[in-house]
Amino acid sequence: MPESYSALSEIPCTKEQVENCIFSKWYSRFKSHVPITRIIKPVPPEFIQYLEQDGIKLPPVEQETSIYTSEPVGNQANGYSDWEGAREEEQHEDEIKPLVHFPELHNQIKQIIAELGPVTPKLNWSSPRDAVWILPNNTTKCTEVNEIYLLLNASNYIVHDLEVGHQQGNEFELVLRQWFALNPALEFRIFVRDSKIVGATQRDLNYYDYLESLTHQLKDLFDEFVEETAIPNFPDKSFVLDLYVPRPFDKVYLIDINPFARKTDSLLFSWNELATIEAQDDYELRLIPKNNVGRFASKEHSENQVPKDVVDASLDPGAIKELAEQWTKLLERQQEESDSE
Ligand SMILES: Nc1ncnc2c1ncn2[C@@H]1O[C@H](COP(=O)(O)OP(=O)(O)OP(=O)(O)O)[C@@H](O)[C@H]1O
Ligand SMILES: [Mg+2]
């Protein structure tokens, strides 16, 4: 009987490989190809504790507006009487609050947003793409610091980064990338094994009719970037690049570098293929075919779109009320801002 399956190929991935892909480790070597970015490193341990604590606690709006005063932000500044403030403290003794426990970072984020405009956040490796449901615009675009807190707190991908960082003993960093209107059709993932491209794929799994006719042009750009920029500047011989190639196709932007390992999504390839494919001078740029139905039509991150905080909160009526209030406040504030523009 013919074999109808193949054995799973082993794709070893070392701690070092994972560390090489920490944003700040490669950023400076590729700066001229990376869209405008600020890295805050290391972030204070309280910020990590804040991301790890249950629920989502945003700073109260009143305190928020006093952040630029010279007064340290505390009970005096928030309009509570001392007695009420003390009672608040008693109730949530262990709770980490941005304005109390990491005001400098909070201010730094606000300053970066003031300087760059809207940003999209990530930690050492991951962006909270699975948590876009929590923001009204349904993207990772953050126009204010609270949106960054909401996204990071609600994301399972961020939980994963925290786990890996702790396990490996890495310093944590907050990466803020200036938001730009990026056309997802022109994002590609390039698999490099032993210094050879073994495959490339669309990153956004929708059908775009114009991509096929661009194949040669795109591959020329990938080849040039991989050979002249990526391989000479990256410590590993195997890695996975996320590239963005906007019209008029004269510049390649580096969005991310990921480990050549099963934990990286192989998208239109399988990891078995990528591990065993014969490395030749030519390789396939795999695209979604016309009238695609089935496997790839499924919603991205659907497995990760369980809103954990909502689920947790649903077990606790007080928490769901708080979550709903925070949400309403954020929406109101955005409405006010757009009305005043
Ligand atoms: N500066 C930016 N402005 C707007 N959108 C961006 C920007 N940078 C990245 N994105 C979008 O965010 C997506 C995720 O970014 P990134 O690849 O860094 O996340 P990731 O968590 O590493 O993803 P993966 O798990 O697939 O490796 C990108 O595919 C791109 O669509
Ligand atoms: Mg990545």
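This note goes through the predicted model in numbered points, by sheet, helix and metal site.

1. Basis. Residues are numbered from 1 along each chain as its sequence is written, and chains are lettered from A and ligands numbered from 1 in the order in which they are written. Because this is a predicted model, local features need pLDDT of at least 70 and side-chain atom pairs count only at pLDDT 80 or more, while totals for chains, interfaces and linings use all residues; side-chain values use heavy atoms, with hydrogens and water left out.

2. Strands here are DSSP runs of E with at least two residues, helices are runs of H or I with at least four residues, and both are numbered from the N terminus. Two strands count as paired if DSSP finds at least two bridges between them.

3. Strand 3. Strand 3 (residues 174–178) pairs with strand 2 in the antiparallel sense over four bridges. Pro-121 has Leu-176 as its bridge partner, and Thr-120 stands opposite Arg-177. Strand 1 also pairs with strand 3 in the antiparallel sense over four bridges, with Ile-39 opposite Val-175. Four of the five residues of strand 3 are buried (buried is under 20% relative accessible area, exposed over 50%, partly exposed in between, with a 1.4 Å probe and protein chains only).

4. Axes are lines fitted to C-alpha atoms, for helices over the stretch in contact, and angles run from 0 to 180 degrees between N-to-C directions; contact means heavy atoms within 4.5 Å.

5. Helix 9. The 13 residues of helix 9 (residues 156–168) should span 18 Å at 1.5 Å a residue, and the end C-alpha atoms are 18 Å apart, which agrees. The expected span is 1.5 Å times one less than the number of residues. Its buried residues include Tyr-157, Ile-158, Asp-161 and Leu-162. Among the elements that cover them are helix 1 (15–20), helix 3 (45–52) and helix 8.

6. Strands 4 and 5. Strand 4 and strand 5 pair in the antiparallel sense over six bridges, and Phe-188 stands opposite Gln-202. The two strands form a hairpin with two residues between them, and Asp-194 in the turn has a positive phi of about 45°. Strand 5 also runs parallel to strand 8, joined by two bridges. Six of the seven residues of strand 5 are buried, so the rest of the structure largely encloses it.

7. Helix 10. Helix 10 bends by about 40° at Val-226 (the angle between axes fitted to the seven residues ending there and the seven starting there). Val-226 is buried, as are Leu-218, Phe-222 and Phe-225, among others in helix 10. The cover over the buried residues includes strand 4 (187–193), strand 5 (196–202) and strand 6 (239–244).

8. The metal site. Which protein donors does the magnesium ion (ligand 2) have? They are Asp-256 (OD) and Asn-258 (OD1), lying 2.0 to 2.1 Å from it. Donors are N, O and S atoms within 2.8 Å of the metal (3.2 Å for Na, K and Ca); water is not among the atoms, so sites may look incomplete. Asp-256 is buried, with a relative accessible area of 7%, and Asn-258 is buried at 11%.
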